[in-house]
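Dear colleague,

My notes on it follow directly after.

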Amino acid sequence: MSAIVTHPPAQGVPFWDPERDEVLVCRQVRDETHDVRTFVFTAPQARLFSYAPGQFMTLTVMIDGQEINRCYTISSSPTRPNTLEITIKRVPGGVVSNWLHDNLHPGMEVRALGPMGDFTCAGSRARKMLFLSGGSGITPMMSMSRALSDMAADVDIMFVHAARSPRDRIFRHELAALEQANAHLRTVTLCEHDTPADRWDGYRGRLSASALELAVPDWREREVFVCGPAPFMDAVRNMLGQGGFDMTRHHEESFDFGTLVADEPEIIEAIEELEAAQFSISFTKSQRDIQCGADTPVLSAARAAGMRLPASCAKGMCGTCKCRLVSGTVEMKHDGGIRQREIDRGMILLCCAKPTSDLVIER
C-alpha cells in the first residue's frame, strides 16, 4: 500500500501548522456509547488537517486554575481534512476525560498541539492487515479503516475488536456500514459478557489464541497493528510470539499514554546515577527537591526519586510533561512536543530536558 496522501490545499486554504496554529473549535459532540463521546473540531479560521491515520493530538485544558495536557488519538481520517475528530472514553477518576465530557460543547475552544506519533499504517506495503483493538484503543484503528476505505485501497483488512459488553461497542454502526461498503474489510467483535438489555451472540470472552485462530485463520500472514490497555497489549504480544508470528510485522501503541513502568531502562539508569548527581532540582508546587545527573532527563530523575509527574510519550513528542522553568538552564532536544515560542517563554519538556545547572521548576 502506498503512503496515504493528503491533497494540496484547495482554493488557497492552508494546512494546520502546529508552530502557528494552537486552537481548535468544537463543532459537534456525538455519543458513541454510554461513556464514550466523539468531539468534532475545526480551526477558528479555515484550515486543512494533514496527518497519518493513527497519530494523536495533545489537548491542553484549564481545570481549577491549572493547565493540564492529555494525549488523544485522532479517530477521523486524513482523507476528510476539513475537520478533526477525537473520541474519548470517560474514565472513572480521570480529571481531563471527565472535564471534557461534562464541559466541552459546540462553540468552545481548546488548545491543541500536533498531530504527532509513529503508530500508523501509512507507508506500509502489506496487502493483508490485522487490526487488534481493546476498549477505546479502537480509535487509531478506526482512523486507519476510514482512510483505507475512503481510498479504496487494495488491502485485505481484518478488524478484531474486544469489548466488555454489547453496550461498550464503540463505532458499531459505522463499522457495520464500512464492512458493507468495503469488500476488503471484515470485522469481528468479542464481548466478555452480556448486559441486562443486550445478549451477545457473537464471539465471547477475551481475545485468545484459539479465538484468533477461529476468526482469522491466516493471521500469521498479516501485518498486525495493536492498540488497547496495557494488559491487552501484553497479552497480544505474548500470544503472537508464542504462536510463531514474525514480530517484525507487529506494531503497537497503547492509548494509556500516562503509563510509564517502573523498570524502564532510563529510570533504572537514573536510580544508579543518583549518588553521582551533579545538580539539585526544586519543584515549587510539589515542594520536592531531588538530585539529577547532567546526562539524565529531569523526568527520569524525578521518577527515580518516587515522584509521579504527568508524562506520556517520554520522547519529547506529546507535550504532556510541559512546565515552566523558573530558574536554571537545560539542554533539550525534543521531537515537536513544544513550540519555539513556548521555549522562548521559559517552558521545557521534563522528559527530554537535561540540567546544565541547578533548577527551579514550576510543577
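The sulfur of cysteine 323 lies 7.0 Å from the closest cysteine sulfur, that of cysteine 321, and is therefore too far away for a bond. Please bear in mind that this is a predicted model. Cysteine 323 counts as buried, because its relative accessibility is 3%.

The structure contains zero disulfides. Cysteine 318 is likewise in no disulfide; the nearest cysteine sulfur belongs to cysteine 71, at 3.6 Å. With a relative accessibility of 2%, cysteine 318 counts as buried.

I turn next to the sheet. Six strands make up an open sheet with parallel pairing, in the order β10-β9-β8-β7-β11-β12. At its edges are β10 (203-204) and β12 (250-252), each of which pairs on one side only.

Within this sheet, strand β8 (residues 156-163) and strand β9 (residues 185-191) run parallel and are joined by seven bridges. Histidine 161 is placed opposite threonine 189 of β9. Helix α3 (residues 172-181) packs on the sheet, where it touches β8 and β9, and its direction makes about 150° with that of β9.

A further helix, α2 (residues 138-150), lies across β7 (128-134), β8, β9 and β11 (223-227). The direction of helix α2 is at about 150° to β7.

Yours sincerely

Terms used: Residues are numbered from 1 along each chain as its sequence is written. This is a predicted model: local features need pLDDT of at least 70, side-chain atom pairs count only at pLDDT 80 or more; totals for chains, interfaces and linings use all residues. Side-chain values use heavy atoms; hydrogens and water are left out. Two strands pair if DSSP finds at least two bridges between them. Helices (H or I, at least four residues) and strands (E, at least two) are DSSP runs, numbered from the N terminus. Contact means heavy atoms within 4.5 Å. Axes are lines fitted to C-alpha atoms, for helices over the stretch in contact, and angles run from 0 to 180 degrees between N-to-C directions. A disulfide is a pair of cysteine sulfur atoms within 2.5 Å. Buried means under 20% relative accessible area, exposed over 50%, partly exposed in between (1.4 Å probe, protein chains only).
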